[in-house]
Amino acid sequence: MAKATTTIKQVLHYQAGHGVWFAANQALFNRVTAFYFGVIQAHEKVLDLSHKDALTALEILTHATEKNPNPVMPLREIAEHIPAMFRRAAINAALGSARSFSSHLKKWRKRKERAIAKGKKWSERPPVPPRSWNKSVPFYVGQWKERTASSILLKVWTGTCWSWIKVRITGRELPADAEIGSPSLMKHGNQWWLHTPIEKLFSSPAKIEQQVTTNTETKICAIDLNLGEQIAVCTIQTVEGTILATQFIGGGRRISGFRKHQLGWIARNRRKTGIIAEGEQDNADLWRKISSRDDDLAHLVSARIVQFAVKHEATILVFEHLGNLKPEKGKYSHRGNSKRAFWMKGRIFKYAKYKAWGERIITSRVNPRNTSRECARCHSLIVRYHAGQPATGYTPGASLVLCPDCQMQGHADRNASLVIGQRLIARYQRPLLEKPQAPLRAERVVKATGVSRSQVARRKEKPSISQARHGAGNEHGTAQDGLLWMEERPSSIPHPLRLFNE
Ligand SMILES: [Zn+2]
């Protein structure tokens with residue numbers, strides 16, 4: 001069995017006064033969490049323990065009992081009568097933050113050592129522990145009860161005492177078949193919400209290798225992520241090569257314009273103050289604004305990718321590896337923009353992978369080398385050009401492609417997406433096709449004459465890639481039925497699948 005976690009968000013309805021209590025409850029939780037973070041900093045070895053042992057150790061250090069009347073750092077000095085489950089939630093939150101801080105610090109020390117060993121100047125500031133705490137309160141079992149579809153009782157600190165209060169719930173209902181985790185009280189604007197993580201159990205999908213090698217009808221959704229207007233171009237193809245659908249997900253220009261504007265402000269602020277650090281207060285708001293817009297869009301794009309895959313019953317998602325960010329020249333806002341766009345691609349992959357898993361779809365990645373330069377139909381090098389310009393050479397980022405060998409014409413990103421999908425298939429077909437080593441092109445034509453007729457015949461039935469449409473919009477690139485995938489060419493020689501190293 002496999003499992004997937006999602007969060008159900010529900011709006012709460014409560015008396016105005018209760019909102020104040022929720023806030024007091026959260027303030028207390030953060031005070032206790034900050035206290036435990038301090039305890040861990042004073043006893044760093046706690047982090048070497050298993051989670052369960054760390055919890056026990058921290059309770060012995062702080063919690064007075066009959067057997068342990070004088071703990072080293074009593075929690076009592078911060079607050080009296082903290083319910084055990086509230087304390088445990090705070091300890092877990094503190095452990096999470098401490099682990100993350102400690103790993104950042106370790107990485108920073110390693111970078112510093114390496115830089116100094118190489119004789120480089122070292123000016124990067126060390127990570128700092130959280131200065132303020134603003135965590136939401138999870139309600140462990142014992143802190144909530146009598147949950148129904150429309151209400152729940154929560155035990156909260158009102159500022160003066162612990163009290164059970166009943167709140168009404170509206171919004172999406174909890175699915176009946178899921179396992180329910182600890183709900184959290186979250187504040188969005190002025191409204192308190194209840195977020196409940198749920199775990200869905202399902203039978204594990206078959207491994208990619210099995211899906212690809214045992215069923216030629218397995219549908220693969222391949223995604224080409226871009227820095228241009230089309231943030232994602234997705235195609236669905238079967239293992240045997242039939243192209244079933246295409247979707248363009250746009251919005252790249254808008255987000256890039258937004259970032260450029262904000263980064264422009266940051267650059268101006270820096271010139272004024274002479275401050276370089278990203279974390280400085282005057283720019284922190286602007287950074288947060290960009291970050292949250294990027295994150296929203298990454299969620300939106302990844303959700304649409306997964307919807308598209310589900311709609312066409314794809315069982316595998318495939319992206320290309322991101323590779324390294326190539327440093328760019330130019331203005332600050334331009335460099336910053338492409339950096340953010342690169343990060344966003346990573347986030348889209350991460351979110352899509354996790355959303356796809358909830359639909360029993362497995363995600364994979366392939367080697368990105370030359371995915372944009374190769375013809376999806378015959379694997380020759382293609383010509384890439386802008387609309388209205390002569391179809392020669394290779395213009396990176398241009399939207400159209402033409403294959404001089406097989407005359408395939410189409411949208412460059414759609415072609416790249418198809419190549420990405422084919423690369424995944426080729427990975428599992430390699431054992432059959434790998435030997436001998438892929439010959440050079442000139443040799444290949446000669447050798448390829450031996451390719452069986454059935455391959456030619458089969459390919460004839462495939463829809464034409466040359467009908468791919470250009471431009472924006474969604475779902476318009478769906479493959480046209482009835483058109484030939486590959487027209488009869490004078491030579492009648494199909495090129496063998498080129499193979500790739502992963
Ligand atoms: Zn071609």
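Author: The dialogue below turns to the overall build, the salt bridges and a charged surface patch.

Author: This is a predicted model, in which local features need pLDDT of at least 70 and side-chain atom pairs count only at pLDDT 80 or more, while totals for chains, interfaces and linings use all residues. Residues are numbered from 1 along each chain as its sequence is written, and side-chain values use heavy atoms, with hydrogens and water left out.

Reader: How many helices and strands does the protein have?

Author: Helices (H or I, at least four residues) and strands (E, at least two) are DSSP runs, numbered from the N terminus. The protein has 10 helices and 16 strands.

Reader: What percentage of the residues counts as buried?

Author: Buried means under 20% relative accessible area, exposed means over 50%, and partly exposed lies in between (1.4 Å probe, protein chains only). Of the 502 residues, 43% count as buried.

Reader: How many salt bridges are there?

Author: Side chains of opposite charge can pair when their charged atoms come close. A salt bridge here is a side-chain nitrogen of Lys or Arg within 4 Å of a carboxyl oxygen of Asp or Glu. The count comes to 10 salt bridges. One of them joins glutamate 59 to arginine 88, with the closest N and O atoms 3.0 Å apart. This pair links distant parts of the chain, 29 residues apart: glutamate 59 is in helix H2 (residues 51-62) and arginine 88 in helix H3.

Reader: Is glutamate 59 buried or exposed?

Author: Glutamate 59 is buried because its relative accessible area is 12%, whereas arginine 88, at 28%, counts as partly exposed. Glu59, Arg87 and Arg88 are linked in a network of salt bridges.

Reader: Which residue meets arginine 347 in a salt bridge?

Author: The partner of arginine 347 is aspartate 295, at 2.9 Å from N to O. The two are 52 residues apart, arginine 347 in helix H7 (residues 332-357) and aspartate 295 in helix H6 (residues 281-311). Arginine 347 counts as buried, at 18% relative accessibility.

Reader: Which residues form a positive surface patch?

Author: Patches are made of residues with over 30% relative accessible area and no salt bridge; like charges are joined within 9 Å, and nonpolar side chains (Val, Leu, Ile, Met, Phe, Trp, Tyr) within 5 Å. Lys and Arg count as positive. The positive patch comprises Lys106, Lys107, Arg109, Lys110, Lys112, Arg114, Lys118 and Lys120. Among them, lysine 112 lies in helix H3 (residues 84-117) and is partly exposed, at 31%.

How values were computed. Areas by Shrake-Rupley, 256 points an atom, 1.4 Å probe, with all protein chains shown as cover. Charge placed at Lys NZ, Arg CZ, Asp CG, Glu CD.
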